[in-house]
Amino acid sequence: MQKILCLFILLMGGFAHAQAQHKMQMKTPEREKNTAAVNKNTTRYDLYITDTTVNYSGKPAMAMAINGQIPGPPLTFTEGDTAEVHVHNLTHMETSIHWHGVFLPNYMDGVPYLTQMPIMPGATYIYKFPVIQNGTYWYHSHTMLQEQSGMYGALIFNKKKEPQIPAIPVVLSDWTDMKPEEVDRSLHNANDWFAIKKKTTQSYAEAIQQGYFKTKVINEWKRMTAMDVSDVYYEKFLTNGKHTTEAHNFKAGTRIKLRLVNGGSSTYFWLTYAGGKITVVGNDGNDVQPVEVDRLIIAPSETYDVIVNIPENKSYEFRSTAEDRTGFTSMWLGNGTQIAAKPLGKLKYFEGMVMMNGMMKMNGDMAPMGMQMSNQQMDMNNVMYPEISVPDTATALPVTLNYSMLRATEKTNLRKGPEKLLKFELTGNMNRYVWTIDNKTVSESDKILIKKGENVKIILYNNSMMRHPMHLHGHDFRVLNGQGDYAPLKNVLDIMPMETDTLEFAATESGDWFFHCHILYHMMSGMGRIFTYEGSKPNPEIKDLAYAQRKLYADDRKFHPMVNVGLESNGTDGEAVLANTRYQLSTEWRIGLKSKYGIESETYFGRYLDKMQWLLPFIGFDYHHNSLDNEPEHNLFGQLSNQKNRKAFVAGLQYTLPMLFVAEARLDSKGKFRMQLKREDIPVTSRLRLNLMGNTDKEYMAGLRYVITKYFSLSTHYDSDMGYGGGLTVTY
């Protein structure tokens, strides 16, 4: 009934926009009327959030739409307006809208349980704030993983006297048919299905074939898994919601302004243009002095304003290629013969692995390279780019944008005030997919108190192998990039591995402001902090502070399940795990089809202690039952082991050794000591996995698993208790 009422209001409202450039056509027949209206200096939009079905890859998938479209409609305002956006939630779940890069009252920032309560199903929430800036921004859901499902759109703040040049909002994004919650769960459980899909497993067979066997061994000796530059496999990459878009109404000599937004949840895009140079004139909503480049990389959540030219009466490709080179999306500008941008070649991952081995210490920290890297001036991934590492001798190397080249159009010095210095180390664990600052998630750290009138300086060091686009809500910061008084203003800083970058901002607001990595799955795993202004008045939107804090912290405390079940001719064995950032509950079992094989299970509960999460102290329970006569056995330490009916509490430690073997030492309540070595999923080939286990109870196992799909594998193994078996393994 609520949905019908909302649709009736939309049809009867008849909102008409005052300016032609604000017009947009809704894709659903119920919403053919324009939803933007202007009343004096107030510009109003109505956004209707609905569930929908899309088909980007050849099969239908669930998504979320804004006004019936993905991305949502571009929202255009003029500096000096008052923005009024009515968000109608017609879905079955709560939602929110964050106005990325916008200066606004804290309670309008759109972070559920921090600056507002979420918009509940069937409810309408009104965001209203003055537009006091100009440039290219965007809006997106800050609730759960909804951004990945289609909840994003361009946000344009025109200058009062906007230059008369054709301008096109260009929203880049990534699409997966998999439910975002399943993507997140898979990442936390170190499932390598995404690498298989991307053909980047870097198995031992591939290493031998390409002459990198020693490199692979060193890589695993340092307890690292395969090299990658992107975590998720995506079916499609999109420009304004389509794989390919066209803008034909441009003639030779036309200069076009592209308002670029990276609305991708975790994809960096390389931007190239078939028509010549790309002139960068703005970044994160702020003007910069024009700089010409051949290409640039745009991080998740960044925005760039660029100028491109139509050289002749032809159609030129503006290509956005995913950093992992698994796909691209295009916009064709101009009319006539198509001129394609040069494709970017497949990454050379083993060369990247050589680089990674040199960068990583045995303890998991980054090794000093005898240089200080900052502001993207030294891209260590260059060794993997075929167009850089083995250039065509007849072709000059492409000029690539980096932050040191950005220079503001006017002085950006902060007003005088006391300085508060903060130092952050970006940390993480790829295997368990835990992403932190100073080895603490948002829920594990206190809010950072700042005072109005202070100048806050932050020194960031990236001590992880991944890039992190760090975003500060509600503020611009100066990036200290060597441009002195003209340091550029940004709200997102993409910091590469081993880089040390410095930013500073004037503390001029009040309330709570989020600072976090804008790779969606890193943020949900805990990589962030909350800045709180001292002496701020209570937020009227948050009635129950304790409840809101519990809900806010629930994101990085979430437990993720994993189950691995072998169904083979000799019985079943498997493991079920429930784990979050620090804690893990697991149970292993072996059940034989014949009574002589018996039943055995081991259940552990533990907490990871160290930064790299290699050490897991645990307690648990061991159960073993065999209906046959008890046969006394002695372990390698000469202790007697009861195989007929063993029930014992256990306590011990697990530690990840070089070569990724997990060593376990435990003592049970009967006084028996056991040591064990185990390694699962050794990548023999791109799809073949080897499992090994042996312990001092004279138990051992070896098995092979050939991956067919994400959830099913053909498998065989030999177990000292159960003998040979073959069949199917189900992995969830």
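This is a predicted model: local features need pLDDT of at least 70, side-chain atom pairs count only at pLDDT 80 or more; totals for chains, interfaces and linings use all residues.

Colleague: Into which domains is the protein chain divided?

Modeller: Domain bounds come from an automatic or database domain assignment. Here they give domain 1 (42–159), domain 2 (410–538) and domain 3 (560–731).

Colleague: How is the area buried between domain 2 and domain 3 to be read?

Modeller: The size of an interface is often given as the accessible area lost when the parts come together. The loss is computed with a 1.4 Å probe and summed over both parts. For domain 2 and domain 3 it is about 860 Å², with carbon and sulfur atoms giving 37%. Asn 429, Arg 432 and Asn 439 supply 56% of the area that domain 2 buries against domain 3, more than any other three residues. Counted by contact (heavy atoms within 4.5 Å), 14 residues of domain 2 meet 12 residues of domain 3.

Colleague: How many salt bridges does the rule find across this interface?

Modeller: A salt bridge requires a side-chain nitrogen of Lys or Arg within 4 Å of a carboxyl oxygen of Asp or Glu. The rule finds 2 salt bridges across the interface of domain 2 and domain 3. Glu 444 also forms a salt bridge with Arg 582, where the closest N and O atoms are 2.8 Å apart.

Colleague: What is the strand order in the open sheet?

Modeller: Strands of a sheet pair through backbone hydrogen bonds, either parallel or antiparallel. Strands are DSSP runs (E, at least two residues), numbered from the N terminus, and two of them pair if DSSP finds at least two bridges between them. The open sheet has 4 strands in the order 4-9-8-6, with mixed pairing. Strand 4 (72–78) and strand 6 (98–100) each have a single partner strand, so one side of each is left without a neighbour in the sheet. Strand 4 pairs with strand 9 (residues 152–158) in the parallel sense over 5 bridges, and Leu 75 stands opposite Leu 155.

Colleague: Which strands close into a barrel?

Modeller: The barrel has 12 strands in the order 33-34-35-36-37-40-41-42-43-44-45-46, with antiparallel pairing. Strand 37 (residues 615–625) and strand 40 (residues 645–656) are joined by 11 bridges; Asp 622 has Ala 648 in strand 40 as its bridge partner.

Definitions and conventions: Residues are numbered from 1 along each chain as its sequence is written. Side-chain values use heavy atoms; hydrogens and water are left out. Buried area is the accessible area (1.4 Å probe) that two parts lose on being put together, summed over both.
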